[in-house]
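User: I have a model open and want to learn how to read it. Could you take me through some features, general idea before the case?

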Amino acid sequence: MTGVNSGMQGASQHIDLADALIKKSSIWIKQQCSGGKGISSDKMDEHQLASFDLAWCAAESTAARFALEYAEKMAASTAGEGVCLEQRMTLVFCAEALQNIQNRLRVRPQNYGLSEADVATLASPAIARFCQEQLDAGNLDALGKLVSTLDGGSGAYLLGDDATMMQDSFRKLATNVVMPLAEEIHREDRIIPPEILDPLTEMGCFGLSIPERYGGIQSDDHEDNMGMIVVTEELSHGSLGGAGSLITRPEILSRSLLKGGTEAQRQKWLPQIAMGQPLCAIAVTEPDTGSDVAAMRLKATKCEGGWILDGAKTWCTMAGKAGLLLVLARSNPDSSLGHKGLSMFLVEKDSYDGHDFEYRQPLGGVLTGRAIATIGYRGMHSYEVFFDHVFVPDDNLVGGPEGEGKGFYFTMAGFAGGRIQTAARAIGVMQAAFEKAVSYSQERKAFGKLIGDFQLTRVKLARMATLLTVSRQFTYAVGRLMDQGKGQMEASMVKLFTCRTAEWLTREAMQIHGGMGYAEETPVSRYFLDARVLSIFEGAEETLALKVIARSLIDAV
């Protein structure tokens, strides 16, 4: 145990050195980009590659910090029982994180404002020994042997009683109801059926982020991101498109209303959303703007008694089935105002199950939608939506007259929850893929023995278990921060980290399956396709890295 304790302490000190370089580089980039009016966006664009890499360095360093805290808790709870699995995985991850950070910085230190001597601090004899010990083939092989015996387990969850109870309830639903329907939904591109929607509604799934005073199940006293996270994780374990993403839209809409809606709007809409009547969708992304929310162009024109919306939105998931759309539109035609000219509207419509819909208002406005064919993430359909003179009453301007021009801020409040929830979705998909990889490795034989008995397979499983566990604990830690009103930047970090990790892990699960992994009939092919979308929606990884994480790092120094 003494060796492990010193290893943990050493890992923490090594991460300190990495953090020092990240801070030094942030200071240098800030100096390069500072102008008379603060940080110049044009100058920041000249440092995009360094900023992107720096955001990744910070995300991995932060993940390592939370992993070390997690391992310390596990060590304390298992004192006297020897080295625990969680400690071993944490040390492996810290070694990988240090190697990744060093590799990014040493290739072009001048782009980070660092010298070769600076970067050399991450290649000291002590760090080299640490990484060599942890990433030694024998160590990874032994770790892989251990995780292979756990039937897809990969470390303790360390959840409280309430979260554990929710986890158990939704795990049963995901296993008994969602999983049997998942392949049919994916392969036939079906809309989510009532067999899934009805029990989720009965269990209060759509009210997870809505306070009890508005008909939800969240405490009136504090947020409960952990409840939302574990429910999302379990539903995504069943199917990302068929269940895991169902509460994202009510999550975003509810947070937006709680942030900026009038009391009358909250009293009217939140109880209905909590009951899933109506289902809702978010209409923010536009065909030519993507994640650049401030560049939105869908036009909102004031008229007697309300507003007229004209323009197009895209990637509006669940827009057909939804009876309520949360729409971000440009209410001030002066484009120089950027995000300050945007307002948020609630657009009511009928519900449709098909891939296309047309909703006609009594006054002549027409709202049409066409589902976009996608390679994965099926079940809710993502639509292009066209607004042709669609009328919205004044009562449905979020925040009322005082909310005009503040739609961007309300949207960001909603998206912070969407990002941490997307990390939870990634974990659910990873868990499903990891379980299939472990079980298949114990069934499939090649060259006379089980593929799980080969060193390379065991090393793959060791790394998969390690990254899954770190991703989970990173997400849980950020959820707890958000419950305290903190963790906004960390929510972007964990989304960035877990979603890219899910792509890698599901790819490895598919690879372990060999040819069968490429077959549609094998669930791992669906996991791989579903995982690919995670780094794109709820803030593309480039946008999160450059506009949120890197900018926050620079602002903090």
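Analyst: Start with burial, using relative accessible area. Buried means under 20%, exposed means over 50%, and partly exposed is the range in between. Keep in mind that this is a predicted model. Now try the cut-offs on D151. Its relative accessible area is 72%, so D151 is exposed.

User: Where does D151 sit?

Analyst: D151 is in a loop, between helix 7 (137-148) and helix 8 (161-187). Look at its backbone too. Phi of D151 is near 55°, a positive value in a residue other than glycine.

User: Which other aspartate has a positive phi although it is not a glycine?

Analyst: D189, with phi of about 50°. D189 is in the loop between helix 8 and helix 9 (194-202). Apply the burial cut-offs again: D189 has 24% relative accessibility, so it counts as partly exposed.

User: How do I read a contact list, and what does H381 touch?

Analyst: A contact here means heavy atoms within 4.5 Å. Residues up to four places away in sequence are left out for H381. Its list then reads D189, R190, I191, C316, T317, M318, D353, G354, H355 and A371. D189, the residue with positive phi, is among these contacts.

User: Is H381 buried or exposed, and where is it found?

Analyst: H381 has a relative accessible area of 5%, so it is buried. Its place is the loop between strand 9 (366-372) and strand 10 (382-393). Check the value each time.

User: How do I compare distance in sequence with distance in space?

Analyst: K30 and G479 are 449 residues apart in sequence, and their C-alpha atoms are 29 Å apart. G204 and I217 are 13 residues apart in sequence, with a C-alpha to C-alpha distance of 6.8 Å. G204 itself is in the loop between helix 9 and helix 10 (225-238). It has 13% relative accessibility and counts as buried.

User: Now cysteines. How many disulfides are there?

Analyst: The test is a pair of cysteine sulfur atoms within 2.5 Å. A search of the whole structure finds zero. Take C33: its nearest cysteine sulfur belongs to C57, 17 Å away, and C33 is in no disulfide. C205 is in no disulfide either; the nearest cysteine sulfur is that of C280, at 11 Å. Both are buried by the cut-off: C33 has 0% relative accessibility, and C205 has a relative accessible area of 1%.

User: Which peptide bond is cis?

Analyst: Check omega. The bond from Q277 to P278 is cis, with omega near 15°. P278 is in the loop between helix 13 (263-274) and strand 3 (280-283).

User: Last, how should I read the whole chain?

Analyst: Begin with secondary structure: 18 helices and 12 strands. Then compare the radius of gyration with the globule rule. The chain has 24 Å, close to the 24 Å that the rule gives for 557 residues, so it is as compact as a globular protein of that length. Along the principal axes, the C-alpha atoms fill a box of roughly 75 × 60 × 45 Å.

User: What about burial, contacts and charge for the chain?

Analyst: Of the 557 residues, 58% count as buried. Among contacts with a separation of 6 or more, 75% come from residues 24 or more positions apart. The accessible surface is about 22,300 Å², and carbon and sulfur atoms hold 51% of that. For charge, count 54 positive and 68 negative side chains; the centres of the two sets lie 5 Å apart.

Definitions and conventions. Residues are numbered from 1 along each chain as its sequence is written. This is a predicted model: local features need pLDDT of at least 70, side-chain atom pairs count only at pLDDT 80 or more; totals for chains, interfaces and linings use all residues. Side-chain values use heavy atoms; hydrogens and water are left out. Buried means under 20% relative accessible area, exposed over 50%, partly exposed in between (1.4 Å probe, protein chains only). Helices (H or I, at least four residues) and strands (E, at least two) are DSSP runs, numbered from the N terminus. The radius of gyration is taken over C-alpha atoms; the globule rule is 2.2 Å times the number of residues to the power 0.38. Accessible areas come from the Shrake-Rupley method with a 1.4 Å probe; for residues, only the protein chains shown count as cover. Lys and Arg count as positive and Asp and Glu as negative; His and the chain ends are not counted. The place of a charge is taken as NZ of Lys, CZ of Arg, CG of Asp or CD of Glu.
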